[in-house]
Structure formats: C-alpha cells, structure tokens
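Dear colleague,

I am handing over a structure that you have not worked with before, and below it you will find an account of what was found in it. Please keep the structure open while you read.

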Amino acid sequence: MTRPRSYIVISSDRRQLERGPAALRAAGLPDRLRRAGWEVSDAGDLAPRVFTADAAHPRARNRDAVLAACRDVAAATGQAIAAGRIPVLVGGDCSITAGAVAGCLSQRPDAGLLYLDGDADLRTPQTTIAGNFDGMVIAALLGHGDPGYIGLAGPVPMLTPRRLAILGYDDGDIDPRERHLLSPPLSHADGPQVAADPAGAATAALAHVEASAGAIVVHFDVDAVDSADLPLANYPHHGKGLTFDAAITVLRELCASPAFAGLVLTEVNPTHDPGGDLLGRYVDGVTAALAGAARDR
C-alpha cells in the first residue's frame with residue numbers, strides 16, 4: 001500500500017534557480033515518483049520571489065522577499081502535513097528550508113531536520129560576506145540572525161541542537177565566530193567524514209535526530225556533491241564534497257526514517273546543463289532514494 005505524497009514546487013528567490021522547478025518537472029520528477037510507487041499530486045508553483053542585488057542591505061539582501069517566500073513555504077508545508085501527505089519542496093535556494101521547518105513545526109512541534117549540504121550555513125548578518133539568507137539557514141534555526149527569519153515559527157529557536165544534524169559541509173569555510181554553533185549536542189559530519197562512510201554517517205545522524213524528533217524534514221542541496229561529478233550546483237564546489245552516488249546513499253538512508261515528514265531539494269541550476277543529461281541523472285538519483293524509502297515502509 002503506497003503512502004500519499006504531496007509534490008509542491010517552490011519557485012526561487014535567486015536568479016537562474018527559479019528555472020529549477022520547471023526543469024525538474026520537464027525531466028520527469030513527478031512521473032518518476034509515481035512509477036516508484038508514490039501517490040503524487042503536483043500543487044504547482046508558489047509565488048516567485050526573484051533575487052535582486054539589493055545593495056541597500058548588504059548584510060541581509062532581499063529580506064522582505066525571503067521572508068515572504070518562507071511564509072508561503074511554511075503555509076504550503078503545514079497544509080500538506082495536516083492533510084496526511086509528505087511534501088517534496090523544489091527550490092530555489094536553501095533559505096526556503098527554514099520555511100519548510102516552520103511549516104512542519106506548525107503541525108508537529110517535535111519536528112527535526114537532517115541537513116545534507118556542501119556548506120554548514122552558519123552565517124548571520126554579523127558574519128556574512130555575501131549577505132544572502134541561503135547561507136544563514138542553520139544559524140537561524142538555532143536562534144541566531146535576523147529577527148524575522150529566526151522567528152518564522154514563532155518561538156525561538158525553531159530547533160534545539162538535539163533535533164538537528166548537518167552532513168557533508170566544507171569545514172574550511174566556517175568562520176571562527178560561528179564554530180561554537182557546532183558544539184555538542186548538535187550532530188555534524190563534514191564532507192570527508194561522510195565520504196568515508198556514507199551509510200554510517202547517515203545512520204548516526206538519523207539516530208541523533210530520531211532520539212528527540214518525531215517528524216523529520218530532510219534537506220538536500222546539490223552542492224553537497226563534487227561539481228566534478230555532477231556540476232548542477234548554483235555555486236560549484238569543484239574538488240570538494242561527495243560523489244553523487246554517495247550523496248544518494250545518504251539521502252536514501254535519511255528518507256527511509258519512519259519519522260520522514262518532508263524533503264527540500266535546493267540549488268539546482270539548470271543553465272549548467274543545456275543538454276538535460278545531468279538533470280536526468282539527478283532525477284534518477286532522487287527517485288531511487290525515495291523509491292527505497294517507499295520499499296522500506
């Protein structure tokens with residue numbers, strides 16, 4: 001018996017990424033999920049929020065647009081979960097994951113997050129270089145950053161460290177002012193640690209979050225993958241990160257959790273793949289991960 005899944009496409013607030021949802025549809029993601037055994041409904045696009053340079057706010061670019069997009073994502077996520085479905089949110093950049101967590105929390109106050117990403121995303125308006133909210137996600141969930149962003153779910157912080165695990169990040173990119181956020185009891189494994197044992201790293205992260213969370217959102221940023229293997233990330237990570245196969249091994253383990261409550265897919269830039277072959281490989285991998293989760297239930 002299949003478990004119903006709601007497929008919700010989220011448009012991006014960053015240039016080129018707003019093309020990602022349509023490109024993944026065209027590559028067959030909804031149909032592939034149906035063939036994998038899931039009941040799928042496509043809820044369409046939320047209102048697009050297109051990135052602008054916003055030079056007037058260099059440490060919190062496009063704040064109002066980001067918050068509006070995250071509120072839309074939170075509402076859509078909460079509605080899907082309330083209906084007994086599992087949302088698959090397609091971005092777009094990583095900033096939407098805070099909205100997805102807020103939406104899950106609206107229905108499941110015991111929500112947690114498993115974050116597979118090439119960056120730890122620990123920036124705040126005080127430590128940021130680029131000023132983009134997609135680099136502030138984890139700090140915000142832990143209660144550090146812009147008041148509107150950290151308060152998307154109401155109570156601050158949205159998550160305690162016991163309900164959060166980060167996988168696949170580049171440890172060398174962490175600002176010393178942010179490193180305290182990785183202190184125990186938060187669970188984290190950087191890219192080389194995950195690459196050494198993808199399934200083991202995923203299992204350890206799951207055990208950590210499942211001990212405190214009854215509903216788990218999974219985040220997968222394609223920049224966790226070495227761009228030498230799959231160059232789809234909006235910001236390429238050449239010579240860093242996981243092989244695509246290793247990333248899918250991790251994703252499959254995370255989505256197989258009985259507490260799996262939603263998936264966020266981010267940072268796919270289809271302009272890096274004019275022929276469509278890379279998108280096809282990406283869809284194959286994500287579908288395989290979710291099909292494995294379906295078989296495990």
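Strand 7, which covers residues 215-221, is mostly covered, since seven of its seven residues are buried. Please bear in mind throughout that this is a predicted model. In a regular strand the side chains alternate between the two faces of the sheet. In strand 7, Ala215, Val217, His219 and Asp221 point one way while Ile216, Val218 and Phe220 point the other way, and all of these residues are buried.

Strand 7 pairs with strand 4 (residues 111-116) in the parallel sense, over six bridges. Within this pairing, Leu114 stands opposite Val218 of strand 7, and Leu116 has Phe220 of strand 7 as its bridge partner. Strand 7 also pairs with strand 8 (residues 260-266), again in the parallel sense and over six bridges, and here Ile216 stands opposite Phe260 in strand 8. To get from strand 7 to strand 8 the chain passes through helix 9 (residues 244-255), and this β-α-β crossover is right-handed.

Strand 4 is largely enclosed by the rest of the structure, because six of its six residues are buried. Both of its faces are covered, with Ala111, Leu113 and Tyr115 buried on one side and Gly112, Leu114 and Leu116 buried on the other. Strand 4 is also joined to strand 5 by four bridges, and these two strands run parallel. Leu114 takes part here too, with Ala165 as its bridge partner in strand 5.

**Aromatic rings**

How many aromatic pairs does a search of the whole structure find? The search finds three. One of the pairs is formed by Phe220 and Tyr282, whose rings are stacked, with 6.1 Å from centre to centre and 10° between the planes. This pair links distant parts of the chain, as Phe220 belongs to strand 7 and Tyr282 to helix 10, 62 residues apart. Phe220 has a relative accessibility of 0% and therefore counts as buried, and Tyr282, at 1% relative accessibility, counts as buried as well. Ring pairs link Phe220 and Tyr282 with Phe244 into a cluster.

**The largest pocket**

Rolling a probe the size of a water molecule over the atoms shows where empty space is left. The largest pocket holds about 500 Å³ of space. Its lining is made up of 23 residues, of which Asp119, Asp121, Arg123, Gly135 and Asp173 lie nearest the centre of the pocket.

**Backbone details in the loops**

Most residues other than glycine have a negative phi, and most peptide bonds are trans. Several places in this model are worth looking at with that in mind.

The peptide bond from Val156 to Pro157 is cis, with omega near 0°, and Pro157 lies in the loop between helix 6 (147-150) and strand 5 (164-169). The peptide bond from Pro184 to Pro185 is cis as well, with omega near 15°, and Pro185 has its place in the loop between strand 5 and strand 6 (187-190).

Asp54 is not a glycine, yet its phi is positive, at about 50°; this residue is found in the loop between strand 2 (39-45) and helix 3 (63-82). Glu267, likewise not a glycine, has a positive phi of about 70°, and its place is in the loop between strand 8 and helix 10 (277-296). Is Glu267 buried or exposed? With a relative accessible area of 3%, Glu267 is buried, because the cut-off for a buried residue is under 20%.

His180 is also a loop residue, placed between strand 5 and strand 6. At 46% relative accessibility His180 counts as partly exposed, because exposed would require over 50%. The C-alpha atoms of His180 and Leu122 are separated by 9.9 Å, while the two residues are 58 residues apart along the chain.

With kind regards

Note on methods:
Residues numbered from 1 in each chain as written. Predicted model: local features only at pLDDT ≥ 70, side-chain atom pairs only at ≥ 80, totals over all residues. Heavy atoms only, no water. 1 Å grid on protein atoms, 1.4 Å probe; cavity = no way out; pocket = protein on both sides within 12 Å on 5 of 7 lines; lining within 4 Å. Points joined across faces, edges and corners; volume = space filled by probe spheres on them. Buried < 20%, exposed > 50% of the residue type's maximum accessible area, 1.4 Å probe, protein only. Pairing = 2+ DSSP bridges. Right-handed = clockwise from strand over helix to strand, strands pointing away. Phe/Tyr/Trp six-rings, centres within 6.5 Å; stacked < 30°, edge-to-face > 60°.
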